[in-house]
Structures are given as structure tokens and as C-alpha cells.
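Welcome, and please open your viewer.

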Amino acid sequence: MDLGPWEIAIIAVVILVLFGSAKLPQAARSLGRSMRIFKSETKGLIGDDDEKQNTSADARTEAARLRAEAARLEAQAGPQELKAPEDAVKEGVPVRQSEHGK
């Protein structure tokens with residue numbers, strides 16, 4: 001289905017009659033903005049995929065480095081015993097300081 005010059009002219013006249021000469025520039029401007037936004041968003045989505053792959057690899061490397069550092073610090077500190085204050089536990093149940101007199 002080929003559109004000849006007469007068909008294109010008839011379509012242009014119908015559009016001009018329907019929308020009016022004042023609204024056509026606004027509609028074209030709006031369409032241009034929408035296309036520009038759509039184009040920038042699709043470029044951003046393509047760029048996001050590349051960044052996600054790079055950041056996930058960087059995050060894994062950083063996590064491995066932090067685990068190794070934590071293991072080194074734990075080994076350096078040695079075993080430690082955690083002690084609760086004598087008045088903090090009464091028969092296995094934590095007690096607040098204000099409840100001692102009751």
C-alpha cells in the first residue's frame with residue numbers, strides 16, 4: 001500500500017482541519033519531547049545493565065575482602081569470654097536495675 005502525493009495531501013488537510021493551525025505546533029513539540037524522553041530512558045536502561053554487572057562483581061570482591069579482614073581480626077584478638085554484669089541476670093531472667101527492690 002503506497003501513499004502517493006495526493007493521499008498525503010488529503011491526510012494533511014484532514015489533520016489541519018481536525019486540530020487547527022494553533023494546536024499543531026504544540027502537538028509536534030509535545031511529540032518531540034516525548035520521543036526525546038523515551039530515547040534517553042531506553043539508553044539509560046541499556047547502561048544500567050552494564051553497571052549492574054560491574055557493581056555485582058565489585059560487591060562480591062569487596063565482600064570477600066571484608067570477610068578475610070574480619071577473620072584476620074578475630075584470629076588476632078583470640079577467644080574472648082563475654083560476661084554479663086552480676087546484677088543483670090537473676091535466675092536466668094534479665095532484670096532491670098529498677099526491679100531489684102521489688
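Start by selecting Glu69, which is partly exposed at a relative accessible area of 32%. Here buried stands for under 20% relative accessible area, exposed for over 50%, and partly exposed for what lies in between, using a 1.4 Å probe and protein chains only.

Before going on, two notes on the ground rules. This is a predicted model in which local features need pLDDT of at least 70 and side-chain atom pairs count only at pLDDT 80 or more, while totals for chains, interfaces and linings use all residues. Residues are numbered from 1 along each chain as its sequence is written, and side-chain values use heavy atoms, leaving out hydrogens and water.

**Stop one: the salt bridges**

The term covers a side-chain nitrogen of Lys or Arg within 4 Å of a carboxyl oxygen of Asp or Glu. Arg72 is partly exposed too, with a relative accessible area of 43%. Both Glu69 and Arg72 belong to helix α2, three residues apart, or about one turn of the helix.

How many salt bridges does a search of the whole structure find? There are two. For the other, select Arg65 and Glu62, whose side chains meet at 2.6 Å, N to O. Arg65 and Glu62 are about one helical turn from each other because they sit three residues apart in helix α2 (residues 23-77). Color by accessibility and you will find Arg65 partly exposed at 45%, and Glu62 partly exposed at 36%.

**Stop two: helix α1 and its surroundings**

Now select residues 5-19, helix α1: 15 residues reaching 21 Å from the first C-alpha to the last, close to the 21 Å expected at 1.5 Å a residue. That expected span is 1.5 Å times one less than the number of residues. Step just past α1 to Gly20, where phi is positive, about 85°.

Next, show residues 6-25, which an unreviewed UniProt entry marks as "transmembrane region". Such annotations may be inferred rather than shown by experiment; positions follow the numbering used here, and feature names are shortened. The end C-alpha atoms of residues 6-25 are 23 Å apart, and the span is 85% helix and 0% strand.

Leu3 lies in the segment before α1 and is partly exposed at 49%.

**Stop three: the whole chain**

Zoom out to see two helices and two strands, in the order α-α-β-β along the sequence. Helices (H or I, at least four residues) and strands (E, at least two) are DSSP runs, numbered from the N terminus. Of the 102 residues in the protein chain, 2% are buried.

Finally, color by pLDDT, the predictor's confidence in each residue from 0 to 100. The protein chain averages 78, and 70% of the residues score at least 70. Where is confidence lowest, and where is it highest? The lowest is strand β1 (residues 89-90), with a mean of 54, and the highest is α1, at 88.
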